[in-house]
Amino acid sequence: MYVIEETVRAVKEAEAKADSSVADAKTRASDLIRDAEANAEKIRADAKKKAKEAYDSRMARARTEGEAALAEAEGQMKKEAESLKASCAPKEDAAVDRVIAALL
């Protein structure tokens with residue numbers, strides 16, 4: 001009878017160890033899943049941050065380049081306006097002289 005009791009006890013201990021191992025494995029699996037989800041969220045957040053930084057950098061560069069192009073165009077317009085005024089000044093004097101001559 002002693003052998004049977006020892007066998008039953010050994011089987012129960014093995015079952016308890018197996019149950020404990022299964023519970024430990026489930027806990028570790030849950031921990032791994034939680035860690036993986038946290039890492040995935042961190043990676044997603046980092047990627048989003050990097051994308052925003054790249055976007056902001058490109059927008060700033062585009063804004064700077066646009067402002068520079070606008071300033072250059074404005075400078076060219078001023079030069080052309082001055083050139084037109086300078087070329088019109090002698091013609092204006094001639095036109096005034098003709099109007100005066102026509103009135104006299």
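**Reading a predicted chain**

Reply: Buried residues account for 0% of the 104 residues in the chain; buried means under 20% relative accessible area, exposed means over 50%, and partly exposed lies in between (1.4 Å probe, protein chains only). The model is a predicted one, in which local features need pLDDT of at least 70, side-chain atom pairs count only at pLDDT 80 or more, and totals for chains, interfaces and linings use all residues. Residues are numbered from 1 along each chain as its sequence is written, and side-chain values use heavy atoms, with hydrogens and water left out.

Me: How many helices and strands does the chain have?

Reply: Helices (H or I, at least four residues) and strands (E, at least two) are DSSP runs, numbered from the N terminus. Here the secondary structure amounts to one helix and zero strands. The radius of gyration of the chain is 44 Å, well over the 13 Å that the globule rule gives for 104 residues, so the chain is more spread out than a compact globule. That radius is taken over C-alpha atoms, and the globule rule is 2.2 Å times the number of residues to the power 0.38. Along the principal axes, the C-alpha atoms fill a box of roughly 150 × 20 × 5 Å.

Me: How far apart are S87 and D24 in sequence and in space?

Reply: They are separated by 63 residues in sequence and by 93 Å in space, C-alpha to C-alpha. S87 lies in helix α1 and, at 36% relative accessibility, counts as partly exposed.

Me: What is the accessible surface of the chain?

Reply: Accessible areas come from the Shrake-Rupley method with a 1.4 Å probe; for residues, only the protein chains shown count as cover. The chain has an accessible surface of about 9500 Å², and 62% of this belongs to carbon and sulfur atoms.

Me: Which residues form a nonpolar patch on the surface?

Reply: Patches consist of residues with over 30% relative accessible area and no salt bridge; like charges are joined within 9 Å, and nonpolar side chains (Val, Leu, Ile, Met, Phe, Trp, Tyr) within 5 Å. In this model V96, I100 and L104 form such a nonpolar patch, with about 330 Å² of accessible area together. L104 lies in the segment after α1 (2–103) and is exposed, with a relative accessible area of 84%.

Me: How many salt bridges does the structure hold?

Reply: A salt bridge is a side-chain nitrogen of Lys or Arg within 4 Å of a carboxyl oxygen of Asp or Glu. The structure holds seven of them. One joins the side chains of D31 and R34 (2.3 Å, N to O); both residues lie in helix α1, three residues apart, about one turn of the helix. D31 is partly exposed at 31% relative accessible area, and R34 is partly exposed at 49%.

Me: Where do K78 and E74 lie?

Reply: Both lie in helix α1, four residues apart, about one turn of the helix. K78 forms a salt bridge with E74, and the closest N and O atoms are 3.8 Å apart. K78 is exposed, with a relative accessible area of 53%, whereas E74 is partly exposed at 40%.

Me: Which residues are linked in a network of salt bridges?

Reply: E6, R9 and E13 are linked in this way.
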